[in-house]
Amino acid sequence: MMTTATSPIIGAYLVKGTIGNTQLVGAPLVTYALVVVPGQHHVSGHVNVTQATENGNYSGNVTGKIFATGYGNVTQVVSLHGLIHPDAPMPLEIPFEAHLAVNGEWVGTGGFSYGNVHVEHVPVKHLAG
């Protein structure tokens, strides 16, 4: 009898998007690129945080979980966490967390926090490409 092993990356896909109010000039904005493996409820990737203050840009790697909800327009919830680093040459690591409640097109609402910045109930938008 022959068995077939299932690859852990079957069904994996890449998603890019933003968390934040892109219409509010100077507001903190997270841009993300994530590899999503729904069958394992796993996401991992990279985030960039930008804001209109001097030394206000950060980036780093994140991991997290994704779960289907079966609840109205919110078809999946995602949690992310990791460490981000200032783009300026400083030996500093800041904890980063984010949460998203999105539909199948990765459009919805979310929030994020890092350092003393806490942003809630902002748009999550999918970026093509």
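Predicted model: local features only at pLDDT ≥ 70, side-chain atom pairs only at ≥ 80, totals over all residues.
Two strands count as paired if DSSP finds at least two bridges between them.

The overall make-up of the chain comes next. The chain has eight strands and zero helices, so its elements, read from the N terminus, follow the order β-β-β-β-β-β-β-β. These strands form a closed barrel of eight strands with antiparallel pairing, in the order β1-β2-β3-β4-β5-β6-β7-β8. On average, neighbouring strands of this sheet are turned by 25 degrees against each other, direction ignored.

Some totals describe the chain as a whole. Of its 129 residues, 35% are buried. The accessible surface is about 7,700 Å², and carbon and sulfur atoms hold 59% of that area. Among contacts with a separation of 6 or more, 37% are between residues 24 or more positions apart.

Strand β1 covers residues 13-19 and strand β2 covers residues 29-37; the two run antiparallel and are joined by seven bridges. One of the positions involved is Tyr 13, whose bridge partner in β2 is Val 36. On to strand β3, residues 42-50: nine bridges join β2 to β3, and these strands also run antiparallel. Thr 31 has Asn 48 in β3 as its bridge partner. The hairpin of β2 and β3 has four residues between the strands, and in this hairpin His 41 takes a positive phi near 55 degrees.

Eight bridges hold β3 and β4 in antiparallel pairing, and Val 49 stands opposite Tyr 58 in β4. Is Ser 59 buried or exposed? Its relative accessibility is 18%, and because buried means under 20%, Ser 59 counts as buried. Leaving out residues up to four places away in sequence, Ser 59 touches His 46, Val 47, Asn 48, Leu 83, Ile 84, His 85 and Asp 87.

Towards the end of the chain, β7 and β8 pair in the antiparallel sense over six bridges. In this pairing Gly 110 stands opposite Val 122 in β8.

The aromatic rings give another view of the structure. A pair of aromatic rings is described by the distance of the centres and the angle of the planes. How many aromatic pairs does the structure hold? There are three aromatic pairs. Tyr 32 and Trp 106 form one that is tilted, with 6.3 Å centre to centre and 50 degrees between the planes. This pair links distant parts of the chain, since Tyr 32 is in strand β2 and Trp 106 is in the loop between β6 (94-102) and β7 (108-114), 74 residues apart. Tyr 32 and Trp 106 are both buried.

Another pair is made by Tyr 58 and Tyr 114. Their ring centres are 5.5 Å apart and their planes are at 55 degrees, so this pair is tilted. Tyr 58 lies in strand β4 (residues 58-71) and Tyr 114 in strand β7, so the pair ties together parts 56 residues apart in sequence. Tyr 58 has a relative accessible area of 14% and is buried; Tyr 114 has a relative accessible area of 3% and is buried. Ring pairs also link Tyr 58, Phe 112 and Tyr 114 into a cluster. Apart from its neighbours within four places in sequence, Tyr 114 is in contact with Pro 28, Val 49, Gln 51, Tyr 58, Ile 84, Ile 94, Pro 95 and Phe 96.

In soluble globular proteins, nonpolar side chains tend to be buried together. The largest nonpolar core here has 27 residues, of which Ile 19, Tyr 32, Phe 96, Leu 100, Trp 106 and Tyr 114 touch the most other members. The elements giving two or more residues to this core are β1, β2, β3, β4, β5 (74-86), β6, β7 and β8 (117-127). Its largest share, five residues, comes from β6.

Definitions and conventions: Residues numbered from 1 in each chain as written. Heavy atoms only, no water. Buried < 20%, exposed > 50% of the residue type's maximum accessible area, 1.4 Å probe, protein only. Contact = heavy atoms within 4.5 Å. Areas by Shrake-Rupley, 256 points an atom, 1.4 Å probe, with all protein chains shown as cover. Phe/Tyr/Trp six-rings, centres within 6.5 Å; stacked < 30°, edge-to-face > 60°. Core = buried A, V, L, I, M, F, W, Y, C linked by side-chain atoms within 4.5 Å. Axes fitted to C-alpha atoms, helices over the stretch in contact; angles between N-to-C directions.
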